[in-house]
Amino acid sequence: MADDGERHRQSRLFTDDDGEFDPDRAREESLPVEDGEVIDTDDLADHQRYVEGRGIYDERNRVNDLTGREWKYATKSVIAQGYPPAVQHDLRSEHGGQKPPRLCAELIGRFSKAGDTVLDPFAGVGGTLLGASFCEHEGTGLREAIGFERTERWIEIYEEVLERENDERRERGEPVLAPQELRHGDCADLIADVPDDSVELLLTDVPYWHMDELEQTRNERATRESKLGSFDDGSSGEDTDLTGEGGGLESASAETQTKAEWLAEMAEKFDRFTDAVAPDGHLVVFIGDMYREQSYEFLSADLARAIESAAPVTLAANLVWYDPTKDLHVYGYPFSFVPSMVHQNVLVFRPDGDE
């Protein structure tokens, strides 16, 4: 270890003209810098190591592969991520509730480690699966992903997106994205084939259902533009919400399913899903709130309570995904304030028993 005189000499070497520490100069000399300070790697504990350009990594980290500096920013409760016109966005947009794959990659990086298995029981057009593949080249390492999807068309779109994206990546000289496994069928049946404790992260977007015929006719233009879903309680009125990637009918009776019935169905499914998640894993769930009949439906809170009441999990965090690119509409003006939804909630659960 360098003595005090040596460290003092090093600090003088990397100062600017005013005698202040110059981190840019330190980086140019390949010295490890963390938060504006040169790191003496000899002072790191046995369980710590410096990762060039990323900061100090603690080997005791069992949640993800992030360094302390990366972890600090990953704990921000608001994620600003728009819908970029990338990753074959036009094709994926055939599904009304698809999520940006790089947003999924960011969440996968927060709640899993390289080589872990990620499960999406409502996979849609495969945003989670693409995100797991992006992690190999734009994150901390490849994850193995499994998706369940009932609609064959969405599976076809995922496969076509992967093929197109990889053709373009080859033309640019970039490494291709690894294919992931998207299984066709009902998640209630397919989950039985997933061994207990074999999944480190469940990342999904819960399904909504379509408006009934009356609502579709009444609000045809808004439905076509935003592809919204809605609870069917037999009433009318302006609705705004954010639809899930799993979107579409979850059962033959979904068009007449009440909110309570939907919550009960989701609770039952997540109780079964949780068996597949490892004790130190996480369940991360997208859910958009809804404004209906001049009342705000706090679906994220309702769903969190329903899942916690049925499955052996504890709500650990509520993140907010903010989409700064979402179009704004004039709702309620000039008589009543109606929110224009530009966010979704991201519920983070831990299996019970995890410290």
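Over the ring of which residue does the charged end of Arg-102 sit? In this predicted model, the ring belongs to Phe-134, and the charged end of Arg-102 lies 4.2 Å from the ring's centre.

Good morning, colleagues. I shall begin with the sheet, then turn to the helices, the aromatic rings and the cysteines.

The sheet in question is open and has eight strands, in the order β5-β14-β15-β11-β9-β6-β7-β8, and its pairing is mixed. At its edges stand β5, residues 78–80, and β8, residues 181–184. Each of these has a single partner strand, so one side of each is left without a neighbour in the sheet. On average, and with direction ignored, neighbouring strands of the sheet are turned by 20 degrees against each other. As a general point, the strands of a sheet pair through backbone hydrogen bonds, in either a parallel or an antiparallel sense.

Let us take one pair as an example. Strand β6, residues 117–120, and strand β7, residues 144–149, are joined in the parallel sense over four bridges. Where does Val-118 find its bridge partner in β7? The partner is Ala-145.

Helix α7, which covers residues 152–171, lies across β7 and β8 and runs at about 160 degrees to β8. Helix α11 lies across β9 (199–205), β11 (277–287) and β14 (313–322), and its angle to β11 is about 155 degrees.

Strand β11 also contains His-282. Is His-282 buried or exposed? With a relative accessibility of 7%, His-282 counts as buried. Leaving aside residues up to four places away in sequence, His-282 touches several residues, among them Val-63, Phe-111, Glu-200, Leu-202, Val-348 and Arg-350.

I come next to the aromatic rings. The model holds four aromatic pairs. One of them joins Phe-270 and Phe-273: the ring centres are 5.3 Å apart and the planes stand at 75 degrees, so the pair is edge-to-face. The cut-off behind that step is that planes over 60 degrees apart count as edge-to-face. Both residues belong to helix α11, residues 259–274, and, being three residues apart there, they are separated by about one helical turn. Phe-270 is buried, at 1% relative accessible area, and Phe-273 is buried as well, at 1%. Together with Phe-122, Phe-270 and Phe-273 form one aromatic cluster.

Tyr-296 and Phe-298 make another pair. Their ring centres lie 5.9 Å apart and their planes meet at 85 degrees, so this pair, too, is edge-to-face.

Finally, the cysteines. How many disulfides are there? The count is zero. Cys-104 is in no disulfide, and the nearest cysteine sulfur to its own, that of Cys-135, is 9.7 Å away. A disulfide would require two cysteine sulfur atoms within 2.5 Å. For Cys-135, likewise, the nearest cysteine sulfur is that of Cys-104. Cys-104 is buried, with 1% relative accessible area, and Cys-135 is buried with 2%.

To close, I return to the opening example: the charged end of Arg-102 sits over the ring of Phe-134. Thank you for your attention.

Terms used. Residues are numbered from 1 along each chain as its sequence is written. This is a predicted model: local features need pLDDT of at least 70, side-chain atom pairs count only at pLDDT 80 or more; totals for chains, interfaces and linings use all residues. Side-chain values use heavy atoms; hydrogens and water are left out. Rings of Phe, Tyr and Trp (its six-membered ring) pair if their centres lie within 6.5 Å; planes under 30 degrees apart count as stacked, over 60 as edge-to-face and the rest as tilted. Helices (H or I, at least four residues) and strands (E, at least two) are DSSP runs, numbered from the N terminus. Buried means under 20% relative accessible area, exposed over 50%, partly exposed in between (1.4 Å probe, protein chains only). A charge sits over a ring if NZ of Lys or CZ of Arg is within 6 Å of the ring centre and within 35 degrees of the ring normal. Two strands pair if DSSP finds at least two bridges between them. Axes are lines fitted to C-alpha atoms, for helices over the stretch in contact, and angles run from 0 to 180 degrees between N-to-C directions. Contact means heavy atoms within 4.5 Å.
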